[in-house]
Amino acid sequence: MKRINSLRRIGLLMTNIGHTSLYSNNSRVAVTLLRLNETYIIDVKEQDKCGYNAVVLGTGDFKNIAKPQWEYLKKQGMDRRCKLYESRLHNLSGIECGEKVGVNHFVVGQYLDITGCSIGRGFAGVMKRHNFSGLRASHGVSIAHRSQGSTGQCQDPGRVFKGKKMAGHLGNSRVTVQNMKILFIDHENSIIAVKGNNVPGFSNSYVFVRDAVKKPLHKDVPFPVGLLLGTNDVNASGSVS
């Protein structure tokens with residue numbers, strides 16, 4: 001399918017803070033709350049120098065980070081130990097280092113694609129991992145009710161095909177859920193509420209949020225990024241002046 005909104009606006013790293021519900025038109029709707037921590041534009045990578053256009057953003061405030069990353073932040077004039085990530089763009093016009101990104105980057109009614117790391121479930125059997133029905137719980141089955149049954153074929157081909165659904169590691173993998181609709185935005189606390197509770201990851205884990213590639217872009221979204229006014233100067237302590 002053709003990507004409608006690919007690389008037109010930046011994506012943001014947000015925190016999955018949990019689930020709740022909202023009431024609309026006398027109906028209860030399950031939602032997931034995502035919070036945007038203080039996020040700054042740290043650096044801009046251009047096609048001529050790096051081979052692609054991208055924006056380097058920093059979010060959060062951590063006690064310990066790797067020394068090379070810390071030296072890079074100090075070189076950019078930041079005295080804030082933040083988590084760095086990139087977001088590619090076609091057009092870098094209007095973007096300056098030191099500006100603070102706000103939750104006004106998104107609007108109510110917009111559709112999002114959210115990427116995160118799913119919760120690890122360890123080694124799981126086929127009933128839990130692939131929703132197999134298992135064997136019959138009757139006489140003659142012995143103690144094999146949750147077994148997957150036979151896996152191979154006859155003498156020809158006489159082997160198990162690659163990709164066969166079998167027991168194995170479940171979860172702890174990169175997952176993207178698409179077309180998540182924004183129902184509510186709390187600008188004061190930098191929180192957005194998206195419809196549904198299938199956002200990957202556990203509470204307080206980071207997820208990457210970007211415009212949905214299979215939906216038309218909302219007409220009211222800012223280009224190429226939503227900024228907080230008056231926040232283009234970051235002092236040595238990492239605060240905004």
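Colour it by pLDDT: the mean for the protein is 87, and 92% of the residues reach 70 or more. Now select residues 231-241, where the pLDDT is below 50; this stretch still has 27 contacts in the model beyond near neighbours in sequence. Where pLDDT is low, the predicted coordinates should not be read in detail.

**Stop 1: aromatic pairs**

How many aromatic pairs are there to find? The count comes to 2. For one of them, show Phe62 with Tyr206: their rings form a tilted pair, 6.4 Å centre to centre with 40° between the planes. Phe62 is in the loop between strand 4 (54-59) and helix 2 (67-75), while Tyr206 is in strand 12 (residues 205-211), so the pair ties together parts that are 144 residues apart in sequence. Tyr206 is partly exposed, at 25% relative accessibility.

Next, select Tyr85 and Phe208. This pair is edge-to-face, with 6.2 Å between centres and 80° between the planes. Again, distant parts of the chain are linked: Tyr85 belongs to strand 5 (residues 83-88), Phe208 belongs to strand 12, and they're 123 residues apart. Buried or exposed, what is Tyr85? Tyr85 counts as buried, at 10% relative accessibility. Phe208 is buried too, with a relative accessible area of 19%.

**Stop 2: charges over rings**

Show Trp70 and Arg81 together. The charged end of Arg81 sits over the Trp70 ring, 4.2 Å from its centre. Then jump to Tyr52, where Arg88 lies over the face of the ring, at 4.1 Å from the ring centre.

**Stop 3: salt bridges**

Side chains of opposite charge can pair when their charged atoms come close. Searching the whole structure turns up 6 salt bridges. Pick out Asp211 and Arg9, one of these pairs, whose closest N and O atoms are 2.9 Å apart. Asp211 is in strand 12 and Arg9 is in the segment before strand 1, so this pair ties together parts 202 residues apart in sequence. Both ends are tucked away: Asp211 is buried, with a relative accessible area of 6%, and Arg9 is buried at 5% relative accessibility.

Move on to helix 2 and select Glu71 and Lys74. Their side chains meet in a salt bridge at 3.4 Å, N to O. The two are 3 residues apart in the helix, which means that about one helical turn separates them. Lys74 is partly exposed at 41% relative accessibility, and Glu71 is partly exposed at 38%.

Now try Lys219 and Asp220, joined by a salt bridge of 3.3 Å, N to O. Lys219 counts as exposed, at 74% relative accessibility, whereas Asp220 is partly exposed, at 47%. Finally for this stop, select Glu38, Arg80 and Lys100 together: they're linked in a network of salt bridges.

**Stop 4: a serine in strand 1**

Look for the polar contact, 3.4 Å, between the side chains of Ser21 and Arg28. Leaving out residues up to four places away in sequence, Ser21 touches Arg28, Val29, Ala30 and Val31.

How values were computed
Residues numbered from 1 in each chain as written. Heavy atoms only, no water. Polar contact = N/O pair within 3.5 Å; in protein donor to acceptor, adjacent residues only side chain to side chain. Contact = heavy atoms within 4.5 Å. pLDDT = per-residue confidence, 0-100. Phe/Tyr/Trp six-rings, centres within 6.5 Å; stacked < 30°, edge-to-face > 60°. Helix = DSSP H or I, 4+ residues; strand = E, 2+ residues; numbered from the N terminus. Buried < 20%, exposed > 50% of the residue type's maximum accessible area, 1.4 Å probe, protein only. Lys NZ or Arg CZ within 6 Å of the ring centre and 35° of its normal. Salt bridge = Lys/Arg side-chain N within 4 Å of Asp/Glu carboxyl O.
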